[in-house]
Amino acid sequence: MDRFQRWAWGAMGVALLAGAGCAHQAPLAERREVEADKCSLVQSVLKEPTPSRMVEEIASLGRNEPTPVRVYVRRPEQAMLERFFEGDEPHCGDATFKVVQESVLDAVVVYLQEVQEGGYAYDARRSGPDELTLEGQPQGTLRRAGPAWVAGT
């Protein structure tokens with residue numbers, strides 16, 4: 001193989017690798033957008049009276065860090081709970097709370113369940129690592145109103 005052919009094959013290989021890298025950018029951007037939307041929903045839930053009181057209760061224990069929050073979607077028809085966020089470290093939180101995936105001794109656990117009108121019913125409770133449940137009564141609902149989540153009626 002002469003020098004030009006080696007160069008041409010090398011350039012083609014780099015172009016293919018660059019093209020494959022660009023092809024993977026769209027799904028990553030989409031995932032980030034979905035995760036940001038999920039975070040917006042969780043922030044809205046935690047502003048509701050009962051969940052916000054629970055966050056404040058844990059914060060009043062003198063922690064110097066945001067209250068841990070775990071979020072699950074209930075699927076009672078399948079007798080299943082599944083994590084709401086993908087990955088091990090969701091980037092969702094503020095000065096008062098932080099969404100975590102790992103089990104912690106005292107956290108606010110938010111259970112979401114999709115509702116027919118679109119949106120989610122939620123209930124939140126303080127819970128330890130071994131206290132997850134499929135049972136629970138909705139404390140309220142949130143639905144999409146433009147870019148924001150609002151309390152359902």
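Strand 1, residues 67–75, is mostly covered, with nine of its nine residues buried, where buried means under 20% relative accessible area with a 1.4 Å probe and protein chains only. Strands here are DSSP runs of E with at least two residues, numbered from the N terminus. The model is predicted, so local features need pLDDT of at least 70 and side-chain atom pairs count only at pLDDT 80 or more, while totals for chains, interfaces and linings use all residues. Residues are numbered from 1 along each chain as its sequence is written, and side-chain values use heavy atoms, without hydrogens and water.

In a regular strand, side chains alternate between the two faces of the sheet. From strand 1, Thr67, Val69, Val71, Val73 and Arg75 point one way, Pro68, Arg70, Tyr72 and Arg74 point the other way, and all are buried.

I turn now to the partners of strand 1. Two strands pair if DSSP finds at least two bridges between them. Strand 3, residues 97–99, pairs with strand 1 in the parallel sense over three bridges, and Val99 in strand 3 is the bridge partner of Val69. Strand 4, residues 107–114, also runs parallel to strand 1, joined by five bridges; here Tyr72 has Tyr111 as its bridge partner. Strand 2, residues 80–83, runs antiparallel to strand 1, with four bridges joining the two, and Arg75 is partnered by Met80.

What lies between the strands in the hairpin of strand 1 and strand 2? Four residues lie there, and in this hairpin Ala79 takes a positive phi near 50°.

Key
Buried means under 20% relative accessible area, exposed over 50%, partly exposed in between (1.4 Å probe, protein chains only).
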